Amino acid sequence: MPRKLSNPFSSSTMPQSERAAERRPSRSGGNRLAGFFSSKAKEQQQAMLLQQQQQQQLVSPGNPSPNSPLPTISLSAATGGELNTDETPTTLFEPPSADEAKLQERRDAQFGPLLNPSHLYVSAHQGKPLEAPIEDEPAYYFVLTTYISYLLLIFFGHARDFFGKRFGDKKHYQSLKVFNGYAPLNDDFDNFYVRRLKLRLDDCFARPTTGVPGRYITLIDRKSDDFNRTYKYTGTHTQTLNVSSYNYLGFAQSEGPCADAVEECVRKSGLSYASPRADSGTSELSQEVEREIAQFVGKPAAMVFSMGFVTNAGSFPALVSKGCLILSDELNHASIRIGARLSGAVIRSFKHNNMEDLEKKLREAISQGQPRTHRPWKKILVAVEGLYSMEGTMVDLPGVLALKKKYKFFLYVDEAHSVGALGPRGRGVCDYFGIDPAECDILMGTLTKSFGANGGYIAAEKHIIDGLRMTNAATLLGESPTPSVLMQILTSLRMITGELAPGQGEERLQRLAFNSRYLRLGLKRLGFITYGHDDSPIIPIVLYHPGKMSAFSHEMLKRKISVVVVGYPATPLISSRARFCVSAAHNKEDMDRILAACDEVGSILQLKYSTGIAGGQEPLPEGVTAETEKEWRRANGLEGVVKPPRWRLEDVLERGVQDSKEQLR
Ligand SMILES: Cc1ncc(COP(=O)(O)O)c(C=O)c1O
């Protein structure tokens, strides 16, 4: 509804329209000749005309709402004299209503506003060979006490199992004993870590949530009175800052172009195709999605699956078989391992991202051929990931491709975490390194992370995709991706490319790259040992002691921040860690909040193990440049002195924006 405005320069409360009507006769009845020569009269006439025009504009129904988000200006003070405190303040533009404010709050909770255009960065490799990230070592004391923690856990755990099985509560130990002639289904050694370690930290895992896992995530509070065996809901909710979801580009939103398109699609196409792809589960939409994915990643053809795990588990058996060799990075995801095992091919692993070890294994495999017969391998397939989710490291793709040219193997790249998250256009590791995707034979990715959807894809030459369609068990027997999921993929993809909401996709990519670098540098400077490359949006910090996993998770939760903690067997025994999963939905304020919380918690729990070396050297004093540094050092007796800096939080925040975009000294 258009609103009328009161005249700010009059204390009268009479509506303007009435006053205008009141003045009109006096104008028409005035001396026109005098009016013609009098500038004052002319000004009055113009002011009146302007007033009428404004009034007409305000009452016309086509006008934009006066509730538009302009600053609220209090005009009650504009009397030219004293502030009239008796009068209720009149505002030109009303502040947003309670409903509007709530809506905006919800939007901001899902995707935070960008606070400054300088908080952007383009994710791209700088051209030099990919260096292994600087990895700091903790003091021996921490390593030793970590081993002692595990030794105590193992000793007391087994002692409790031994006596528990004989004298303990039947409820807890029955499944570990021979019962009624049946062997125990759960061997006590098999699930030792689940019972003795994970159960104790279990409230840090799989916390129930409600709403979308965006910038914030809402936890459904629960408590346990029996050491995490069962939980009771308290009936309350806690909203926390979310660094625990793979929501890289912030597409976990319940409104916006994606949600609108999905809603429309559900109305049109329903909830499910209720059939595998090979029967009637293939629609125009699925074909369109496949075409767009292929184009996006730079391959001639692609096919989509309803689950990322199944994409790997089903595709390896369709690509390789008995007589073939799979050389797999030792830290590859479980889905690759399972797919590789199902294929029947021989599997050998090489050290994580270690090109010398890969070359050694290749030479050995090629020279020796198949076991026993020494026949040549039918195919050799090297399987790597674009970005490793536990380590935050990127594959050394230029290094792998150099070996591929030399030894002629097929290359399978799992881009589950790199597609959408790396590269200036978000197209994954090839985009990041500026490499033609044609050089990789198979590009696999998941749609669960950057696209806010679900499922996976394989992109390759058309004949490979055609072959996969015929032989892949997931296509022949598995469920097909649902229309809503396909639409979410399509819309988010089009936003990333800029076809939809131009500029938004690019901003999301650059916000993610900035946030990742900013947070990582800050953590390093505060004294944490981080793993992985600087441009990775996954930032693990090492906690070492198993007990610190739950302590860190609880301390962060107290500060209303949700983090993921990971320990053995998902990591090596010694290096339990917390992982921060950064998103484009975060802004610098969020990163600062995490840094401040980590600074506090890091001091309480003694987590600042680093020597500080990975955070770069301290900036030179004003007036000293890289060229004059040597001279300055000599003059100040600092020659050869390398002081690994440990930064104060204030300095980290002050220098972070600038330093995170530069190569460190
Ligand atoms: C490297 C890698 N590949 C495949 C998958 C499986 O994807 P999804 O969770 O969509 O089934 C994951 C899961 O996180 C992953 O990290």
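Reader: Start with helix 15: which residues are buried there?
Author: This is a predicted model, to be clear from the start. In helix 15, residues 462–471, the buried ones are Ile464, Ile465 and Leu468.

Reader: Why do they end up on the same side of helix 15?
Author: Their arc around the axis is only 95°, so they sit on the same side of helix 15. In general, an α-helix has 3.6 residues a turn, so residues three or four places apart point the same way.

Reader: Which exposed residues are on the face turned away from the buried side?
Author: Lys462, His463 and Met470.

Reader: And what do the buried residues of helix 15 pack against?
Author: Strand 4, helix 10, strand 9 (442–446) and strand 10 (456–460).

Reader: Strand 4, then. Where does Ala302 lie?
Author: Ala302 is in strand 4, which covers residues 301–305.

Reader: Buried or exposed?
Author: Buried: Ala302 has 23 other C-beta atoms within 10 Å. The cut-off for buried is 20 or more, so Ala302 qualifies.

Reader: What is Ala302 in contact with, beyond its neighbours in sequence?
Author: Setting aside residues within four places, Ala302 contacts Glu290, Ile293, Ala294, Tyr457, Ile458, Ala459 and Ile465. Ile465 is one of the buried residues of helix 15.

Reader: How far apart are Ala302 and Ile464?
Author: In sequence, 162 residues. In space, 9.4 Å from C-alpha to C-alpha.

Reader: Tyr457 was on that contact list. What does Tyr457 touch?
Author: Not counting residues up to four places away, Tyr457 touches Ile293, Ala302, Met303, Val304, Phe305, Thr311, Met444, Gly445 and Leu447.

Reader: Now the largest nonpolar core. Which residues touch the most other members?
Author: Leu381, Tyr457 and Ile458. That core has 125 residues.

Reader: Which element gives the largest share of this core?
Author: Helix 18, residues 504–526, with nine residues.

Reader: Switching to the ligand. How many residues surround the ligand?
Author: 14 residues. The closest are Gly308, Phe309, His333, Ala416 and Thr448.

Reader: Which helix gives the most to the shell?
Author: Helix 10, residues 308–319, gives three residues. Helix 10 also turned up among the packing partners of helix 15.

Reader: What's the shell like by class?
Author: Nine polar, three nonpolar and two charged residues.

Reader: Helix 11 next. Which residues are buried?
Author: Helix 11 runs over residues 334–343, and its buried residues are Ser335, Ile336, Gly339, Ala340 and Ser343. They span an arc of only 130° around the axis, so they lie on the same side of helix 11.

Reader: What covers the buried residues of helix 11?
Author: The cover includes helix 10, strand 5 (325–329), strand 6 (346–350), strand 7 (380–385) and strand 8 (410–414).

Reader: What comes just after helix 11?
Author: Gly344, with a positive phi of about 85°.

Reader: Which residues have a positive phi although not a glycine?
Author: Asn180 has a phi of about 55°. Gln606 has a phi of about 55° as well.

Reader: Where are Asn180 and Gln606?
Author: Asn180 is in the loop between helix 6 (170–173) and helix 7 (192–201). Gln606 is in the loop between helix 20 (588–604) and helix 21 (629–635).

Reader: Why does Asn180 count as exposed?
Author: Because Asn180 has 4 C-beta neighbours inside 10 Å. Gln606 is exposed with 12 other C-beta atoms within 10 Å.

Reader: In what sense do strand 1 and strand 2 pair?
Author: Antiparallel, over two bridges; strand 2 is residues 216–223. Thr210 stands opposite Thr218 of strand 2.

Reader: Last bit, the protein chain. How many helices and strands?
Author: 22 helices and 14 strands. The chain has 665 residues, and 37% count as buried.

Definitions and conventions. Residues numbered from 1 in each chain as written. Predicted model: local features only at pLDDT ≥ 70, side-chain atom pairs only at ≥ 80, totals over all residues. Pairing = 2+ DSSP bridges. Helix = DSSP H or I, 4+ residues; strand = E, 2+ residues; numbered from the N terminus. Contact = placed C-beta atoms within 7 Å. Near = placed C-beta within 6 Å. Nonpolar A, V, L, I, M, F, W, Y, C, P; charged D, E, K, R; others polar. Core = buried A, V, L, I, M, F, W, Y, C linked by C-beta atoms within 7 Å. Arc of directions from axis to C-beta.
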